[in-house]
Amino acid sequence: MTTLTPQKPAIPQPGGDVTPAPEPRPAPEPRPAPEPRPAQDPAWRELVDAVREAGQYPTRSEAESVTRVVLSALGGHVVGDERVDLARALPEEAARVVASQIPATRSLTAAEFVDSVAARIEGATPATARWDVSSVLSVLPPLVGDELVTRILGQLPPGYALLFGRAELTPAA
């Protein structure tokens with residue numbers, strides 16, 4: 001007959017044998033509190049402030065949230081050298097948002113892009129999402145340069161130029 005001690009509960013085994021339970025692991029050492037984030041990049045703050053002004057958002061927090069959502073959506077649709085150049089031209093935090101996205105498997109029309117943004121913002125409608133997208137994308141040309149925006153628009157389907165605050169020019173037939 002096997003005698004069990006209260007410190008080591010038994011684990012029944014097939015065939016009726018009883019094996020003592022393994023020794024308990026020592027409790028993990030408490031982790032130090034995470035370092036507070038350094039003061040935000042002034043260029044990121046300027047971008048968010050520009051979006052806040054363009055979109056007339058009541059709070060900086062709302063403008064920052066919209067900026068992250070729109071840049072995240074854009075990051076999935078801009079690929080190749082244009083994506084790399086866009087990330088280099090943006091403030092560090094914005095570059096992380098763009099570069100962290102997995103490239104989309106298919107191009108979205110401008111309307112589908114706006115709808116995808118609407119799906120990411122609680123309570124958004126297509127009209128409010130169009131406002132949000134335009135509020136963010138229209139501040140990018142002065143920041144990243146018209147040449148890069150032209151290259152980005154070259155790889156996106158027609159209709160995006162208006163979202164960047166540009167006229168949509170089509171060749172004459």
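Contact is taken here to mean heavy atoms within 4.5 Å. The structure is a predicted model, in which local features need pLDDT of at least 70 and side-chain atom pairs count only at pLDDT 80 or more, whereas totals for chains, interfaces and linings use all residues. Residues are numbered from 1 along each chain as its sequence is written, and side-chain values use heavy atoms, with hydrogens and water left out.

Leaving aside neighbours within four places in sequence, Ser135 is in contact with Val51, Ala54, Gly55 and Tyr57. Ser135 belongs to helix H6, residues 126-137; helices (H or I, at least four residues) and strands (E, at least two) are DSSP runs, numbered from the N terminus. The relative accessible area of Ser135 is 4%, and the residue is therefore buried. The term buried denotes under 20% relative accessible area, exposed over 50%, and partly exposed the range in between, with a 1.4 Å probe and protein chains only.

Helix H2 has 16 residues and reaches 22 Å from its first C-alpha to its last, close to the 22 Å expected at 1.5 Å a residue. The expected span is 1.5 Å times one less than the number of residues in the helix. H2 is mostly covered, with twelve of its 16 residues buried. Among these buried residues are Arg60, Glu64, Val66, Thr67, Val70, Leu71 and Leu74. The buried residues of H2 pack against H1, H3, H4, helix H5 (110-120), H6 and helix H7 (140-144). In helix H4 (residues 92-99), the buried positions are Glu93, Ala94, Ala95, Val97 and Val98. The cover over the buried residues of H4 includes helix H1 (42-55), helix H2 (60-75) and helix H3 (80-89).

Two helix pairs that involve H6 were examined for packing geometry. Two packed helices are described by the angle between their axes and the distance between the axes. Axes are lines fitted to C-alpha atoms, for helices over the stretch in contact, and angles run from 0 to 180 degrees between N-to-C directions. H2 and H6 pack at about 85 degrees, their axes being 9 Å apart, and are therefore roughly perpendicular to each other. Angles under 35 degrees count as roughly parallel, over 145 as roughly antiparallel, 65 to 115 as roughly perpendicular and the rest as oblique. On the H2 side, Val66, Thr67, Val70, Leu71 and Leu74 meet Asp132, Val133, Val136 and Leu137 of H6. The residues of this contact between H2 and H6 comprise seven nonpolar, one polar and one charged. In this division, Ala, Val, Leu, Ile, Met, Phe, Trp, Tyr, Cys and Pro count as nonpolar, Asp, Glu, Lys and Arg as charged, and the others, Gly among them, as polar.

For H5 and H6 the packing angle is about 100 degrees and the axes are 8 Å apart, so these two helices are also roughly perpendicular to each other. Phe113, Val114, Asp115, Val117 and Ala118 of H5 make the contact with Pro126, Ala129, Arg130, Val133 and Leu137 of H6. The residues of the contact of H5 with H6 divide into eight nonpolar, no polar and two charged.

Two loop residues are described next. Thr125, in the loop between H5 and H6, is partly exposed at a relative accessible area of 36%. The C-alpha atoms of Thr125 and Val114 are separated by 9.4 Å, with the two residues eleven apart along the chain. Gln56 is found in the loop between H1 and H2 and counts as exposed at 66% relative accessibility. Its phi is near 55 degrees, a positive value in a residue other than glycine. Most residues other than glycine have a negative phi.

A search of the whole structure finds twelve salt bridges, each defined as a side-chain nitrogen of Lys or Arg within 4 Å of a carboxyl oxygen of Asp or Glu. In the salt bridge between Asp85 and Arg151, the closest N and O atoms are 2.6 Å apart. Asp85 lies in helix H3 and Arg151 in helix H8 (residues 146-155), so the pair ties together parts that are 66 residues apart in sequence. Asp85 is partly exposed at 23%, as is Arg151 at 25%. Arg151 also meets Glu147 in a salt bridge (3.5 Å, N to O). Glu147 and Arg151 are four residues apart in helix H8 and hence separated by about one helical turn. Glu147 is exposed, with a relative accessible area of 52%.
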